[in-house]
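Please have the structure open as you read.

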Amino acid sequence: MYTSRFDYLYVAPALLVMLIVIAYPVYYTIELSFYKTPASLSLADKTFTGLDNYSTVLTSAIFWKVTWQTIIWTVLSTLFSFLLGLGAALALHRAFIGRALLRGLLLIPWVVSAVAASYVWKWLYHSDFGAIGALLNAVGLTKGPVNFIDNSTTSLYALIVVNVWKEFSFAMIMLMAGLQTVPESLLRAAQVDGASAWQRFWHVTMPQLQGVSTVTVLLLVVQNFNSFIIPFIMTGGGPVGSTQIWITHIYELAFLRQNWGVGAAYAVLLFLIMMVLGYFYVRALTRGDDKRAGA
Amino acid sequence: MTNSEGRVQRSGSATRRHIAKFALAAMATTSLISTSVYAQAVDLSKWSPEYVKSIAGTKDFDAAKDCGAVVPNDYAGNVSYWYTGPFEADPQIAHDQDKAFWDAFHAAYPNIKTDVQSITYNELLDKFRTALLGNSAPMVIRLQILGGVEFAAKGYLNPVKPEDYGFTAADFWPGALKSVTYDNTLYGLPTNNETMAFIWNAKVFKDAGLDPEAAPKTWDDVVAYSKQIHDKLGISGYGLVAKQNAGNTPFRFMPQLWAYGGGSLDETAASPTYKSVEINNAGSKAALQAAYQMYAVDKSVPVSALTNTQAENQAPFIAGQLGMMIAHPAEYAKMLDLASKATGADKATADAVVENMRYGLMPTGPDGKRAVVFGGSNIHVVKPEFVDGGKVDEQAVRALICMWDSPEWSTRLAWVGSNPGNINGFLTTSMKQRLDTIKFLDVTTSMLPNGIPFPVLPESPEIMNIVVPDMLQNALTGNMTVDQATEDAAKKIETIIAGGGGGI
């Protein structure tokens with residue numbers, strides 16, 4: 001609520017920086033999305049084409065193929081990261097010897113640089129000399145090279161495994177924090193009433209985790225929609241475009257093909273989706289604020 | 001009122017105009033004199049490893065004196081320059097030569113102030129693009145061989161004449177000049193040029209029953225050798241590279257495509273128009289069929305070729321698990337480096353591979369055509385309106401380019417991984433020292449006359465780094481037949497050169 005004109009002065013520097021580094025690039029991207037920008041012309045000579053770039057994107061078969069791959073990538077990455085994170089959080093919630101060490105170890109994937117992790121996994125998966133393939137051969141499960149990322153059928157799923165490995169720790173931390181807020185008295189009461197472990201988890205713990213779970217899932221979805229490093233480094237979008245997702249496709253169009261206008265239109269579509277997700281994220285974060293303010 | 005640069009004319013401009021006229025006349029005179037500074041002494045028709053060795057060290061040049069005939073050594077001015085200089089990972093000799101050049105330049109032109117930035121290869125293009133949009137670019141920039149075409153097409157670069165800098169067109173490789181000519185206009189000068197060559201492991205060849213001292217003569221031989229190595233030894237024969245969105249892929253596949261008589265456009269022609277699409281001609285199809293044969297039928301190349309860049313081929317090569325591959329002149333030094341880092345049994349294997357490493361000429365196509373991608377860098381002059389301060393000191397720019405591209409410095413500044421852009425550099429003592437100390441340099445250097453630059457179009461990176469790898473992957477994975485893959489690539493290239501943009 002407005003209290004003093006000086007309040008605006010205090011936030012002005014931050015607002016100014018945000019205008020320059022966030023608002024202007026967003027504005028410029030939206031503006032660029034209405035122009036044709038051939039590689040042979042400088043951006044100063046771009047030509048206005050209205051909604052042509054949006055039409056080009058939305059009527060392209062490649063766009064819909066990439067969209068489907070983006071959905072698979074985002075949904076599976078989010079789902080398995082959340083489930084694995086939840087399992088790890090529940091396991092680490094109970095006291096046992098070595099819990100702190102295990103918690104530290106499980107955090108490693110999250111703190112490792114995505115670039116380094118991508119290269120390490122690329123070698124683990126390597127179709128000729130990969131450790132995973134060698135292990136599978138050694139235990140007799142396969143014969144000869146195992147083709148994870150050089151195969152257009154399996155490559156996207158192989159990359160999803162890497163992504164889940166990289167980000168499940170994030171879900172784990174969030175949910176561990178959420179578990180701290182579950183009242184012990186409720187769990188004890190349920191136990192006294194004869195509830196099984198599963199019933200206590202499903203009817204007591206999970207409802208208490210609803211808020212943090214919503215925020216975690218939304219953050220994971222946003223992160224996965226924008227996940228660039230793993231697919232770009234490990235496969236460059238291939239083989240035959242099988243690991244191309246929106247963000248890597250936008251990068252290819254804008255920076256590798258210098259098709260800035262179409263890339264910008266594509267980016268605006270992604271931005272709109274992010275805005276919708278952002279709305280739900282803020283709503284999830286501020287749920288109950290009005291009630292508390294009223295009280 | 002504005003002058004020709006669109007800037008407000010200041011008082012006293014009439015006097016300046018007279019001075020400018022006088023300066024222009026003086027420059028024209030000196031340029032006429034300077035065209036004879038480097039008389040052509042290299043016979044390109046005799047080019048071979050033996051010829052390269054025979055001419056090295058036969059002539060010395062005095063860059064400061066020669067350039068003094070182009071721009072007086074007492075000229076006072078300033079020049080700003082961006083380039084990719086030596087960085088931490090580069091050998092000490094590259095740092096030493098770079099420092100020696102700037103010391104020599106300041107000694108030759110003590111009154112020219114320099115504002116020099118060394119920017120990494122990966123950052124240079126983006127930084128330059130940004131600077132141009134803000135009219136804060138340097139006066140001179142050195143870019144990788146096709147880096148300049150985008151800026152020439154967009155009107156950022158000044159046309160140049162070799163004579164203005166004390167050279168003639170004959171001082172440079174024809175292929176190098178072709179790579180810096182856009183819309184029939186020369187917009188830069190080659191500073192250094194290199195071509196790749198073919199390397200193989202002689203022990204692997206011997207163990208597979210092949211002649212250990214002879215490179216495969218033709219690309220059909222490569223297919224056959226690769227199969228023989230794989231079938232007999234169970235390792236990959238040829239280091240095929242076919243990653244999407246990767247520059248390594250066209251550098252290794254296009255020589256094969258050209259040798260078979262193919263092309264993306266008509267880049268192999270003496271005077272290419274870049275209008276006719278040739279990616280779907282019989283030669284291109286034969287080359288793709290050969291790659292398909294190795295990957296999908298014989299399975300004699302790495303399965304990981306679809307995600308491999310050249311870096312991923314180095315480890316199996318040094319481990320003796322790969323028979324042959326196309327490689328940069330600096331590959332031998334890289335292998336030495338890898339061997340030096342190996343330990344235990346790996347060290348013995350790596351040392352044996354280095355010992356058995358051989359360099360040869362690229363294989364030919366069925367008709368005896370040999371081709372390789374022409375690599376290197378060019379130096380460009382930016383138009384004044386895009387330069388920081390709005391002015392280009394033309395005399396200082398000439399002095400810098402004359403010195404940088406002189407036979408001596410063009411050789412010394414390309415010491416480690418390239419060759420002099422100025423052909424006369426091959427005559428210098430420095431070149432002889434390089435040949436004496438850099439193993440296989442004579443072989444990689446002798447590939448230069450077979451060099452073909454990628455199409456000199458702003459869309460070239462898109463065609464080479466995306467369309468060509470896409471075509472390879474479509475065929476190798478069986479997603480399309482060879483015919484379908486080449487026709488699909490042809491359609492994409494047609495759309496791209498028609499200005500339609502690709503990828504969507």
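In this predicted model, the interface of chain A and chain B holds 13 residue pairs in polar contact, with both partners at pLDDT 80 or more. On the side of chain A that touches chain B, at least two residues each come from helix H2 (52–58), helix H3 (61–93), H5, helix H11 (229–234), helix H12 (246–256) and helix H13 (260–285) of chain A. The biggest giver is H12(A), with four residues.

Now take the interface as a whole. Here 40 residues of chain A are in contact with 37 residues of chain B. Together the two chains bury about 3000 Å², 55% of it on carbon and sulfur atoms.

You will find A:Lys122 in helix H5 (residues 114–125) of chain A. Is this lysine buried or exposed? A:Lys122 counts as buried because its relative accessibility is 5%, below the 20% cut-off. Its side chain also has a polar atom 2.7 Å from the backbone oxygen of B:Thr307. Beyond its neighbours within four places in sequence, A:Lys122 is in contact with residues of both chains: A:Ile149, A:Ile233 and A:Met234, along with B:Lys243, B:Thr307 and B:Glu312.

Next, turn to chain B on its own. The domain assignment gives domain 1 (41–194 + 374–452) and domain 2 (197–372 + 459–497), with C-alpha centres 30 Å apart. Where they meet, 14 residues of domain 1 of chain B are in contact with 21 residues of domain 2 of chain B. These domains bury about 1600 Å² between them, 72% of it on carbon and sulfur atoms. Within domain 1, B:Phe440, B:Met447 and B:Ile452 lose the most area to domain 2, together 38% of what that side buries.

Between these two domains there are zero salt bridges, but five residue pairs are in polar contact (both at pLDDT 80 or more). On the domain 1 side, helix H18 (441–445) and strand S13 (451–452) of chain B are the elements giving two or more residues. That side divides into six nonpolar, five polar and three charged residues.

Note on methods. Residues numbered from 1 in each chain as written. Chains lettered and ligands numbered in written order. Predicted model: local features only at pLDDT ≥ 70, side-chain atom pairs only at ≥ 80, totals over all residues. Heavy atoms only, no water. Domains from an automatic or database assignment. Contact = heavy atoms within 4.5 Å. Buried area = accessible area lost by both parts, 1.4 Å probe. Salt bridge = Lys/Arg side-chain N within 4 Å of Asp/Glu carboxyl O. Polar contact = N/O pair within 3.5 Å; in protein donor to acceptor, adjacent residues only side chain to side chain. Nonpolar A, V, L, I, M, F, W, Y, C, P; charged D, E, K, R; others polar. Buried < 20%, exposed > 50% of the residue type's maximum accessible area, 1.4 Å probe, protein only.
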